[in-house]
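Dear colleague,

Please find below the structure that I am handing over to you. My findings follow it.

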Amino acid sequence: MFTGIIERMGTIESVISSGTNRTFEIIADFPDEIRVDQSIAHDGVCLTVTHETRTQDQTRYRVTAVAETLQKTRLGEWQAGDRVNIERCLRAGDRLDGHFVQGHVDTTAVVDAIEDLDGSWMIHFSTDPSYATLLVNKGSVCVNGVSLTVVEAGSAGFSVTIIPYTWEHTNFHALRPGMRVNLEFDILGKYIARILSQRPGLYQGA
């Protein structure tokens, strides 16, 4: 479980293909805090550390993405040199500064436009219309692992506003129109949508 509050950005050192899987070697400045079998969210995708080596200032570690993950996310587009948003899992007793994030990406969205608002940035994304019911104005959404508030939800997209700190400390400053991002919708909204889809008459007549 995660919260969508990014701790660091890591750099992809290498990409290794093996069958339908891809293994990524990543460098991050967590010198003493990454261990084998640990779950870490990378651009919002929960991946398990399979190998790690440490120096005084940083850790080099490996994670593997299977075919389903590569198909549902933009991890298949990762290349050496790319910067990724990193969050370690939530510890019991920590403050929940974002919202509940599972690290299970639902789909991807495409950057339509980025507006410079002279102090913040508004990013407009397009999505498959079938996900429209999972986005609501002022609701939560996780984009590339970052917990954000939806400014406006439409039938085929949504917009968010990015403050300077988030812009500088995540890979949002590298986004350009046409690029894809990972999306995870609010788990509470997904459960409600599932219940209503199975029992469409549940709340009729209220």
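How far is the sulfur of C89 from the closest cysteine sulfur? The distance is 8.0 Å, to the sulfur of C46, which is too far for a bond; a disulfide is a pair of cysteine sulfur atoms within 2.5 Å. C142 is in no disulfide either, its nearest cysteine sulfur, that of C46, being 12 Å away. The structure holds zero disulfides.

Please note that this is a predicted model, in which local features need pLDDT of at least 70, side-chain atom pairs count only at pLDDT 80 or more, and totals for chains, interfaces and linings use all residues. Residues are numbered from 1 along each chain as its sequence is written, and side-chain values use heavy atoms, with hydrogens and water left out.

C142 counts as buried, at 2% relative accessibility, whereas C89 is partly exposed, with a relative accessible area of 34%. Here buried means under 20% relative accessible area, exposed over 50%, and partly exposed in between (1.4 Å probe, protein chains only). Of the 206 residues in the protein chain, 40% are buried.

As to the overall form, the protein chain contains three helices and 12 strands; these are DSSP runs numbered from the N terminus (helices: H or I, at least four residues; strands: E, at least two). The C-alpha trace spans about 65 × 40 × 40 Å along its principal axes. Among contacts (heavy atoms within 4.5 Å) with a separation of 6 or more, 67% join residues 24 or more positions apart.
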